[in-house]
Amino acid sequence: MENAIVVKDLKIRYKSMKAASFKQNFFKFNKSRVDKFEALHGVSFSIKRGDVVGIVGKNGSGKSTMLSAIAGIFSPDEGSIELASDSVGLMSLGVGFQRMMSGRENILISGMLLGFSEAEIRAKMDDIIAFAGLGKFIDMPVKTYSSGMYSKLAFAITTVLEPEILLIDEVLSVGDANFKKKSFAKIKELIADRDRTVLIVSHSLDSLRELCSQILWLHEGNLMKFGPTDEVLKEYEAFMA
Amino acid sequence: MLRRFSKDLKKYGRYLAFASNADLKSEVAGSYLNWLWWILDPLFMMLIYMFIMVALFKKNIDFAPIFVFVGLTMWDMFNKTVMRCARIVKEYSSLLKRVRMPKFLLVLQTMWIYGFKMLISLGLVAVMMVVWAIFPIDPAGRLVVGWEALWIVPVLVLFFLMVFALSMIVMNCGVYVEDLRNVLQVVLRLLFYMCGVFYDVTTLGFYAGYPWLETVLTKLNPISFLMISARQCLLYQTIYEPVWMLVWTVLTLALCALGIHLVYKNENTYIKVI
């Protein structure tokens with residue numbers, strides 16, 4: 001099976017630009033202009049097409065940074081990321097939602113921001129509306145929605161529009177009890193497609209056990225272990241205990 | 001670079017239209033007079049500056065209300081767009097952390113919003129020109145609209161390109177320089193008075209001893225130059241300094257290329273700057 005994601009020696013640094021104010025530049029010449037923090041220190045791995053990989057690690061270990069870099073939201077400072085497909089989606093609830101626009105209009109805006117064409121979104125519009133199950137509310141402004149309704153619509157948009165490489169950051173189920181079941185089942189359905197490569201960041205080890213074939217464990221920006229789910233999670237749990 | 005720009009523009013064009021219209025909709029939602037504010041706001045501002053010009057400075061200019069209105073309309077669009085772009089990446093940071101999108105869209109979205117309001121104001125200018133052409137309201141007589149008025153098209157195209165170029169550069173610098181907005185406020189205030197928004201910068205009395213100052217204020221200041229060009233073609237049947245127009249066209253295109261280059265080069269690091 002061909003590689004869907006190849007990450008080589010990936011380093012990502014954040015910069016604190018407070019140091020680049022005029023005051024600092026004029027009065028503190030001898031100090032560094034920019035404070036840097038390295039979130040990932042040279043991580044390498046490859047994932048085959050169709051694999052479902054979970055990413056674990058304590059808070060601040062670089063999990064979300066890794067997903068954002070793979071999604072192309074920011075570029076590596078060093079190293080490289082190679083993807084077999086341009087169709088990459090970071091599952092992000094309610095991205096670009098406009099409160100004054102209707103649910104239907106927000107499906108278009110959010111879908112286009114996620115990189116889909118208007119034609120692709122319109123083709124799946126009915127599926128999204130049916131999955132969200134909002135009835136007549138779909139033509140009302142989003143500002144009138146409850147938080148549950150908002151989540152349902154957002155989840156429907158990101159899951160019904162199916163990218164080839166799906167990146168999930170802690171969005172495994174939303175809404176009320178019924179919708180939670182429905183959304184978890186939808187995630188499983190997406191994952192079941194053997195052509196789709198999925199990366200899931202989650203603190204829910206049970207969900208990862210159920211969904212993932214492999215686990216990538218990050219610790220303070222370093223790759224601790226990458227391998228079969230049961231093996232890595234056993235070590236991870238012992239480490240965190 | 002330009003190929004990538006046009007590809008992105010094509011891909012995100014519909015998003016741009018939807019998102020900008022949503023912003024416009026949000027702006028008027030909840031206000032009693034709704035979109036009427038887009039007409040009332042420039043009208044009230046024109047009355048204020050007319051008062052300053054006529055009552056305080058004792059100056060009068062042929063077709064003064066239209067003269068002031070044209071200046072205000074162009075200044076407002078330029079000023080608001082550039083100021084907003086200085087902080088726009090921070091304003092949209094929660095969105096930019098979640099999706100990959102070309103950052104020049106933020107500049108175009110801002111231009112769309114203020115450009116739309118500017119077009120409403122220009123519609124009012126057209127109405128005023130018709131009224132001034134039909135009725136002898138002004139001491140200078142009826143307004144004569146010549147073929148030179150068509151020059152407004154290239155003037156506005158160049159104006160939008162100039163606003164785009166400067167906003168792109170400002171957006172890029174605004175990410176890295178925390179207090180750029182404060183500096184811009186001072187610079188733009190100075191530029192406002194150097195542009196002759198509510199007075200005629202071409203006929204100031206003190207140029208006799210300082211001819212270079214006239215060149216600085218009327219030709220080297222691009223916003224002032226474009227404002228004069230717009231007024232001259234609409235109100236006084238004159239095409240103002242076509243050679244300088246050509247010079248500014250070349251410079252503006254170069255600035256556009258620089259702005260696009262800077263943003264494309266740095267946009268994937270914006271979100272890492274915290």
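A: Here is a short chat about the sheet, the helices and the contact between the chains.

Q: Is this a predicted model or something else?
A: This is a predicted model.

Q: Okay, chain A then. What order do the strands have in the open sheet of six strands?
A: The order in chain A is β5-β6-β7-β3-β8-β9, with mixed pairing.

Q: Which are the edge strands?
A: The edges are β5 (88-91) and β9 of chain A, and each pairs on one side only. Going across the sheet, neighbouring strands are turned by 15 degrees against each other on average, with direction ignored.

Q: What about β8(A) and β9(A): parallel or antiparallel?
A: Antiparallel: six bridges join β8(A) to strand β9 (residues 222-228) of chain A. Leu218(A) faces Leu223(A) in β9(A) as its opposite residue. The two strands form a hairpin with two residues between them, and there Glu220(A) takes a positive phi near 45 degrees.

Q: Which strands does helix α2(A) lie across?
A: Helix α2 (residues 63-70) of chain A lies across β3, β5, β6, β7 (197-201) and β8 of chain A. Its direction is at about 150 degrees to β7(A).

Q: Switching to chain B: how many helices and strands does its secondary structure come to?
A: Chain B has eleven helices and zero strands.

Q: How does its radius of gyration sit with a compact globule?
A: It agrees: with 274 residues, a compact globule would have a radius of gyration near 19 Å, and chain B has 20 Å. The C-alpha atoms of chain B fill a box of roughly 60 × 50 × 35 Å along the principal axes.

Q: Which residues make the contact?
A: From α7(B) there are Ile152(B), Val155(B), Leu158(B), Phe159(B) and Met162(B), and from α10(B) there are Pro222(B), Leu226(B), Ser229(B), Ala230(B), Cys233(B) and Leu234(B). By class, this contact of α7(B) with α10(B) has ten nonpolar, one polar and no charged residues.

Q: Now, where the chains touch: how many residues does each give?
A: Chain A puts in 29 residues and chain B 25 residues. On the chain A side, α3(A) gives the most, with five residues. By class, that side has 16 nonpolar, seven polar and six charged residues.

Q: What does α3(A) meet in α1(B)?
A: Glu105(A), Leu108(A), Ile109(A), Met112(A) and Leu113(A) of α3(A) meet Arg14(B), Tyr15(B), Phe18(B), Ala19(B) and Ala22(B) of α1(B). The contact of α3(A) with α1(B) has eight nonpolar, no polar and two charged residues.

Q: And at roughly how many degrees do they cross?
A: The axes of helix α3 (residues 103-113) of chain A and helix α1 (residues 2-28) of chain B cross at roughly 130 degrees and come within 9 Å. The two helices are therefore oblique to each other. α3(A) passes α1(B) in a left-handed crossing.

Conventions
Residues are numbered from 1 along each chain as its sequence is written. Chains are lettered from A and ligands numbered from 1 in the order in which they are written. This is a predicted model: local features need pLDDT of at least 70, side-chain atom pairs count only at pLDDT 80 or more; totals for chains, interfaces and linings use all residues. Axes are lines fitted to C-alpha atoms, for helices over the stretch in contact, and angles run from 0 to 180 degrees between N-to-C directions. Helices (H or I, at least four residues) and strands (E, at least two) are DSSP runs, numbered from the N terminus. Angles under 35 degrees count as roughly parallel, over 145 as roughly antiparallel, 65 to 115 as roughly perpendicular and the rest as oblique. A crossing is left-handed if the near helix is turned anticlockwise from the far one by less than a right angle, and right-handed if clockwise. Two residues are in contact if their C-beta atoms, placed from the backbone, lie within 7 Å. Ala, Val, Leu, Ile, Met, Phe, Trp, Tyr, Cys and Pro count as nonpolar, Asp, Glu, Lys and Arg as charged, and the others, Gly among them, as polar. Two strands pair if DSSP finds at least two bridges between them. The radius of gyration is taken over C-alpha atoms; the globule rule is 2.2 Å times the number of residues to the power 0.38.
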